[in-house]
Amino acid sequence: MHVQIEQWNKRLEELWRKRSLLIIFLISALLFDTFSTIYFMTIDSIHLELNPLVKHSALFLGPIVGTFLSAFCYKIIVIRIQVN
């Protein structure tokens, strides 16, 4: 287990050195997308959201917490899967 953590740390450090500006832009875009979704959900309605995961988590947890957990975390998971 300890060896796997060291390998992950080494890979993350190498990725950060090579692509730090891209990673910053990617995280910024994810955050702005999540915040804009929260903004439009609080102004209009949760029922206008097209993504079913975001819509149901916002209905269950509220427009701020549900949207943040589902939209931001889902995108991070998808990016993580595509990187490997």
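Q: What share of the contacts between residues at least 6 apart in sequence joins residues at least 24 apart?
A: A contact means heavy atoms within 4.5 Å. Here the share is 44%.

Q: What kind of model is this?
A: It is a predicted model: local features need pLDDT of at least 70, side-chain atom pairs count only at pLDDT 80 or more, and totals for chains, interfaces and linings use all residues. Residues are numbered from 1 along each chain as its sequence is written, and side-chain values use heavy atoms, leaving out hydrogens and water.

Q: How many helices and strands does the protein have?
A: Helices (H or I, at least four residues) and strands (E, at least two) are DSSP runs, numbered from the N terminus. This protein has 3 helices and 0 strands. Its pattern along the sequence is α-α-α.

Q: What is the radius of gyration of the protein?
A: It is taken over C-alpha atoms; the globule rule is 2.2 Å times the number of residues to the power 0.38. The protein has 16 Å, whereas a compact globule of 84 residues would have one near 12 Å. Along the principal axes, the C-alpha atoms fill a box of roughly 45 × 30 × 20 Å.

Q: How much of the protein counts as buried?
A: Buried means under 20% relative accessible area (1.4 Å probe, protein chains only); exposed is over 50%, partly exposed in between. Of the 84 residues, 18% count as buried.

Q: Which residues form the largest nonpolar core?
A: Such a core joins buried Ala, Val, Leu, Ile, Met, Phe, Trp, Tyr and Cys residues through side-chain atoms within 4.5 Å. Its 5 residues here are Met41, Ile46, Val54, Ala58 and Ala71.

Q: What does Val54 touch, not counting residues up to four places away in sequence?
A: Val54 touches the core residues Met41 and Ala71. It also touches Thr37, Glu49, Thr67 and Ser70.
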